[in-house]
Amino acid sequence: MNTVRLSTRLATVASFVEAGAVVADIGSDHAYLPCFLVHNGTVQKAIAGEVVKGPYESAVRNVRREGLSSVVTVRLADGLFAIEEGDAVDTVTIAGMGGPLIATILENGKDRLQGVKRIIAQPNIYAKAIREWAVANDWIIIDEAILEEDGKIYEIIVLEKGTATYDELDLLVGPFLLQAKSAVFLEKWERELAEWQRVLQSLDQAEQTDAIEVRKHELVRHIDFVGKVLAT
């Protein structure tokens, strides 16, 4: 993977960036995605934000190497604080982190989202946290994708401003993904179902505290939900 050829995961994220957007890629690592978007002609300006010094320095080197320092700005900042007044950012991409961390980044920096029209999030795990954040903060899910790469399954959630109501199953598995029920979607939830059943069996053998009972109840609900999805 490099600045002109992305992984399937990041290429799918890039596919949801609209032409002419001004992008802030949060947790940009090597700045592959912003550089790709500029090389591809999708955007003319981008921000690459990174909170860790090593990846930040790597991003700076890559942007310089590609001759893109005038159009890709690399900033060392915590989450959405990489976005500054005057950047005119209208699209945020956040990829390669856990869903709860992405939701925390969005929550902590939501004042920086005032001019943002689209958020493209690619959580490695627990995408539900992002959907729940969206509902609580008046963002709606306009599209989703699911893919498998190198034995791992990834979800991508595309948000825009608005209000919508989702039931518990939609929040868990994704409304668009549930409707499509692709082979990768079914594989993911078959894996999750097997893991939940394993954990539930383990919890049954543990000392039954209040916390254990709450976790067991949650697992039983999820197993019931997903079992019905896989059976239909």
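Select W189 and W196 to begin: both are buried, buried meaning under 20% relative accessible area, exposed over 50% and partly exposed in between, with a 1.4 Å probe and protein chains only. The model is predicted, so local features need pLDDT of at least 70 and side-chain atom pairs count only at pLDDT 80 or more, while totals for chains, interfaces and linings use all residues. Residues are numbered from 1 along each chain as its sequence is written, and side-chain values use heavy atoms, with hydrogens and water left out.

Display the two rings. W189 and W196 form a tilted aromatic pair, 5.8 Å centre to centre with 45° between the planes. The structure holds 2 aromatic pairs. Rings of Phe, Tyr and Trp (its six-membered ring) pair if their centres lie within 6.5 Å; planes under 30 degrees apart count as stacked, over 60 as edge-to-face and the rest as tilted.

**The largest pocket**

A pocket is an open set of points on a 1 Å grid over the protein atoms alone, where a 1.4 Å probe fits, with protein on both sides within 12 Å along at least five of seven lines; lining residues have an atom within 4 Å of a point. The space in this pocket is about 460 Å³, a volume being the space filled by probe spheres set on the points, which are joined across faces, edges and corners.

Next, colour β7 (152-161), α8 (183-204) and α9 (210-231), each of which supplies at least two residues of this lining. The most come from α8, with 7 residues. Helices (H or I, at least four residues) and strands (E, at least two) are DSSP runs, numbered from the N terminus. By class, the lining holds 10 nonpolar, 2 polar and 9 charged residues. Here Ala, Val, Leu, Ile, Met, Phe, Trp, Tyr, Cys and Pro count as nonpolar, Asp, Glu, Lys and Arg as charged, and the others, Gly among them, as polar.

**The second largest pocket**

Move to R9, G27, S28, D29 and A95, which lie nearest the centre of the second largest pocket among its 15 lining residues. Its volume is about 240 Å³. At least two lining residues come from each of α1 (8-15), α2 (32-39) and β4 (91-97), and β4 gives the most, with 3. The lining divides into 6 nonpolar, 5 polar and 4 charged residues.

Centre on G27, in the loop between β1 and α2. G27 counts as partly exposed because its relative accessibility is 26%. Beyond neighbours within four places in sequence, G27 is in contact (heavy atoms within 4.5 Å) with G49, E50 and M97.

Turn to α4 (residues 99-108), in which G99, I102, A103, I105 and L106 are buried. Seen down the axis of α4, they fall within an arc of 160°, so they line one face of the helix; the arc is that of the directions from the helix axis to the C-beta atoms. Their cover includes β1 (22-26), β4, β5 (118-123) and α5 (128-136).

Finish at T42, in the loop between α2 and β2 (45-50). T42 is buried, with a relative accessible area of 15%. Not counting residues up to four places away in sequence, T42 touches V17, E18, A19, G20, A21 and L37.
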